[in-house]
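Welcome! Please take a look at the structure below, and then we can walk through one part of it together.

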Amino acid sequence: MSPAQLISFARGAPSLDIVDIDGLKAAAVRAFDADPAGVTAYGNSLGYQPLREWIAAKHGVPVDQVMITNGSLQADAFLFEHLVKPGDHVVVEKPTYDRTLLNLRNRGAVVHQVTLEPDGISVTELRGLLEAGVRPKLAHIIPNYQNPAGVTLSAEKRHALVALAQEFDFVIFEDDPYADIRFRGEALPQMISLDSDGVVVHACSFTKTVCPGVRVGYLIGPSRIIDGIAKTATNTYISAGQVAQGIVHQFCVSGDIDRSIATVSQALGERSKLLAESLRTRIPGIRFTEPDGGYFLWVELPDDVHVDKLLPEAATRGVAVVKGSDFLLEGGEHALRLAFSAVTVDEIDEGVRRLAEAIEAVRG
């Protein structure tokens, strides 16, 4: 491999070799054959009806609680716009997805980051915040293989969070695009399935299980929230993207989605293991926890390695990473997020070797 060839641990997207191109091509043909009028016409802002019905059946909810969006980030944006006004309090994990922080701060929200533990957000710390008088409109939680930390929220904490939301009257935004990309362990119940009071809104995406280019995500929530968001969406783009959603629908009903999930999970499980082995071998003194699924691994660096100095050193050696400070309101100067989804097996150890060189240069 040429030293000039970039190895990127920066982007949370699947590499082309694990995208089911043939399955998607066949799904596209079936979509136009099965419903040419539907996929070529205006739809409505709630999304392509057959796909909404498939999603509703998967999650065991009424179809009127499902809205399809242009990826899960648009789901985030619509929900934040609907619920969060300037000055409203919002709880997020510490660390959390950088775009979440950006979007909430752009809305003028008062953001509270609550410590992320090995089994998910600290419920004790959150309860203390609530008992001290903070009244959030929303708590944003990434329960499975969290971005960026890779941790999974325990079953006990899922129940506890739903109970807190019911007690203190806030919405849990269960942002869950990685749920199906599991390497080991058993699937835990989603909080939307534990909710009897309409306090949970769930988001997911086909970006991680099909491919990013389809730009198809979705929201599930109480009808009062979904209806309100749909009105905003109607005024934004009139109709959802019928063609992409029709293709995803055919991909799902054919069973190709299950094979795609198996392919992606197997490949990323192998990459995660190789990355962990390489990090242990090449970079002594770092700390990390291997995730049970998903796309990301969070690395704590030695205190004498500052990410603002490390990133340019890494870039000159042809390796890209994301600095931990992007995911925090404060701190993270000695942490990195490594995405193993877009790197192939033969790139991983070379990428870590380059990163180790950059770390030594910074410490030098």
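Which residues of α13 are buried? They are Glu347, Ile348, Gly351, Val352, Arg354, Leu355, Ala356, Ala358, Ile359 and Val362, where buried means under 20% relative accessible area, exposed over 50% and partly exposed in between, with a 1.4 Å probe and protein chains only.

This is a predicted model, in which local features need pLDDT of at least 70, side-chain atom pairs count only at pLDDT 80 or more, and totals for chains, interfaces and linings use all residues. Residues are numbered from 1 along each chain as its sequence is written, and side-chain values use heavy atoms, leaving out hydrogens and water.

Helix α13 covers residues 345–363 and spans 28 Å from its first C-alpha to its last, close to the 27 Å expected at 1.5 Å a residue (that is, 1.5 Å times one less than its number of residues). Helices (H or I, at least four residues) and strands (E, at least two) are DSSP runs, numbered from the N terminus.

The buried residues of α13 pack against these elements, with contact meaning heavy atoms within 4.5 Å:

| Element | Residues |
|---|---|
| β1 | 7–8 |
| α11 | 256–282 |
| α12 | 307–316 |
| β11 | 319–320 |
| β13 | 335–339 |

Ala361 also sits in α13, and it counts as partly exposed because its relative accessibility is 35%. Leaving aside residues up to four places away in sequence, Ala361 touches Glu313 and Arg317.

Strand β13 belongs to an open antiparallel sheet of three strands, ordered β10-β13-β12; strands pair if DSSP finds at least two bridges between them. The edge strands, β10 and β12, each pair on one side only. Five bridges join β10 to β13, and Phe296 stands opposite Ala339 in β13.
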